[in-house]
Amino acid sequence: MEGKLFKDYLLNKNEFLAQSAITSSNGFLYFGGLYGFNYFDPIDLLNTNQTIKQPILTKLLIANRAISIQSNSSNQNSSILTKPLNEISELQLTFEQSPFSIEFISPNNKLPDQVRYRYKLNGLDSVWIDSGENNLRATYTNLDAGDYLFEVQAYDLYNPAIAKSKTLNITILP
């Protein structure tokens, strides 16, 4: 790994001394702390791009109850998932299995506070729905019978062109 430059935003214990900051003649910012000093070129902050990971579908809820993975069961809600939600390509629900929610996350991002999510249910939504800063769940109620395509997208707040999507085919049975 010689010769590689790694950017790391972990600060030296994140504790600084009052009146121990300076801007150098080359524009670098220096901050003194309990265990030395930290410095950086503010221009580098503007050039920081992260790699967004594809979102993972983490949980299915029906009527606000999590659906667990089971191979066979007499309970109609329990046998919906026979493997993790993220590993299936199609989900079949009956009209009575409402409301349903899908939770999601994009793991291991370098700057997680910069990751935002939007989703839509093709066949119902015509525009993306912004999930908000702390809401990692999409909920739908009373859908008509038919085929839908759920799509969730993780994107960089400061560069929305950097995005990854995950889709799931959903069939609502009559």
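Residues are numbered from 1 along each chain as its sequence is written. In this predicted model local features need pLDDT of at least 70, side-chain atom pairs count only at pLDDT 80 or more, and totals for chains, interfaces and linings use all residues, while side-chain values use heavy atoms, without hydrogens and water.

Q: How many aromatic pairs does the structure hold?
A: Rings of Phe, Tyr and Trp (its six-membered ring) pair if their centres lie within 6.5 Å; planes under 30 degrees apart count as stacked, over 60 as edge-to-face and the rest as tilted. One of the pairs is F100 with Y140, tilted at 6.1 Å centre to centre and 35° between the planes. The number of aromatic pairs in the structure is five.

Q: How many residues apart in sequence are the parts that F100 and Y140 tie together?
A: Strands are DSSP runs (E, at least two residues), numbered from the N terminus. F100 belongs to strand β7 (residues 100-105) and Y140 to strand β10 (residues 137-140), so the parts tied together are apart in sequence by 40 residues.

Q: Are F100 and Y140 buried or exposed?
A: Buried means under 20% relative accessible area, exposed over 50%, and partly exposed in between (1.4 Å probe, protein chains only). By this definition, both F100 and Y140 are buried.

Q: At what distance from the ring centre does R118 lie over the face of Y155?
A: A charge sits over a ring if NZ of Lys or CZ of Arg is within 6 Å of the ring centre and within 35 degrees of the ring normal. R118 lies over the face of W128 at 5.8 Å. For Y155, the distance of R118 from the ring centre is 4.0 Å.

Notes: Helices (H or I, at least four residues) and strands (E, at least two) are DSSP runs, numbered from the N terminus.
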